[in-house]
Amino acid sequence: PLSFLKLRKLSPIFRSRRIFCSTCLTSHTIDQYWLQPILSYAILKANIDRYTGQYWGVNLNMSSCTFFGHRDCPNSLRPSLLNALRDLIETKHVSDFYLGNHGNFDCLVLSALQELSDCYPHIRYTIVLAYLPTPGKNFDPHSLLPEEVEKSPPRFAVCQRNRWMIEHADWIVAYVVHSWGGAAQFVRVARRKGKSVLMLPS
C-alpha cells in the first residue's frame with residue numbers, strides 16, 4: 001500500500017478538504033494531513049487513479065488509441081475488431097480511444113466501443129469531429145472538435161483532424177487493403193512518427 005507520506009504528495013487530492021468520487025454519489029470529508037478511517041478503499045483508489053494514473057503505487061502506463069480504415073469496410077470485420085480492442089484494453093492498458101465519424105469503419109468502431117464499455121467501464125471514447133455539428137442534428141456528448149481543427153480551412157479539416165488523432169494516440173488500429181486513399185496515407189504517417197500500428201485482417 002501507499003505510504004502516508006506518499007499519499008500527502010498527491011496534492012490535487014489533498015488541497016481540498018472534500019473528495020468527490022465520480023463512481024458514486026457520496027463524498028467524504030478529510031482533514032488536511034490525515035485520512036479519516038471512514039474514507040473507503042474504493043474512493044481513495046478512484047481518486048488516485050484519476051489524478052496520478054496509479055493503482056496503489058503501480059504505474060499502469062495507461063495508453064490511448066485511434067483508428068483508420070476504409071469507409072466501405074465490411075461488417076464482417078467486427079469480430080476481429082472486438083478481439084483487437086479487448087487485447088489492447090487487457091494487455092496494453094489502453095483506456096482512451098479517439099475515432100472519426102466518416103464511413104462504415106468508424107461506425108463499426110463506435111459500435112464496438114459502446115459494447116465494450118459495459119465490460120470495461122474505465123475506458124473512454126471520443127468522437128473527434130472535423131467540422132462543427134450541423135444545427136438541429138443530434139450531438140453526441142462524446143464528441144470533440146479540437147481548436148486547431150476548427151481553425152483550419154474546411155478543405156484541410158479532415159487531414160488536420162487525422163493528424164491530431166495520431167499525435168494524441170500511442171496505438172493505431174487500421175483496416176487497409178490497398179495502398180491509396182486517406183486510411184493508407186495516415187497509417188504511413190503514424191508509422192513515421194513511431195506509433196504502434198495494429199493491422200486488422202482483410
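This is a predicted model: local features need pLDDT of at least 70, side-chain atom pairs count only at pLDDT 80 or more; totals for chains, interfaces and linings use all residues.
Residues are numbered from 1 along each chain as its sequence is written, and side-chain values use heavy atoms, with hydrogens and water left out.

**Stop 1: the overall fold.** Switch to cartoon view. You'll find 8 helices and 10 strands; helices (H or I, at least four residues) and strands (E, at least two) are DSSP runs, numbered from the N terminus. Of the 202 residues, 39% are buried, where buried means under 20% relative accessible area, exposed over 50%, and partly exposed in between (1.4 Å probe, protein chains only).

Stop 2: Now pick out the open sheet, in which 6 strands run in the order 8-7-6-5-9-10 with parallel pairing. Its edges are strand 8 (143–144) and strand 10 (196–199), each pairing on one side only. Two strands pair if DSSP finds at least two bridges between them. Zoom in on strand 5 (residues 63–69), which pairs with strand 6 over 4 bridges; here Ser63 has Val94 as its bridge partner in strand 6.

**Stop 3: helices on the sheet.** Select helix 4, which packs on the sheet and touches strands 5, 6, 9 and 10, its direction making about 135° with that of strand 6. Then select helix 8 (residues 182–192), lying across strands 5, 9 and 10 at about 145° to strand 10. Axes are lines fitted to C-alpha atoms, for helices over the stretch in contact, and angles run from 0 to 180 degrees between N-to-C directions.

**Stop 4: Lys92.** Where is Lys92? Look in the loop between helix 4 (78–91) and strand 6 (94–99). Lys92 is partly exposed, at 35% relative accessibility. Leaving aside neighbours within four places in sequence, its contacts (heavy atoms within 4.5 Å) are Ser63, Asp87 and Trp171. Lys92 and Ser63 are 29 residues apart along the chain, yet their C-alpha atoms are separated by 7.3 Å.

**Stop 5: the cysteines.** How many disulfides are there? The count is 0, a disulfide being a pair of cysteine sulfur atoms within 2.5 Å. Cys73 is buried at 3% relative accessibility, whereas Cys159 is partly exposed at 31%.
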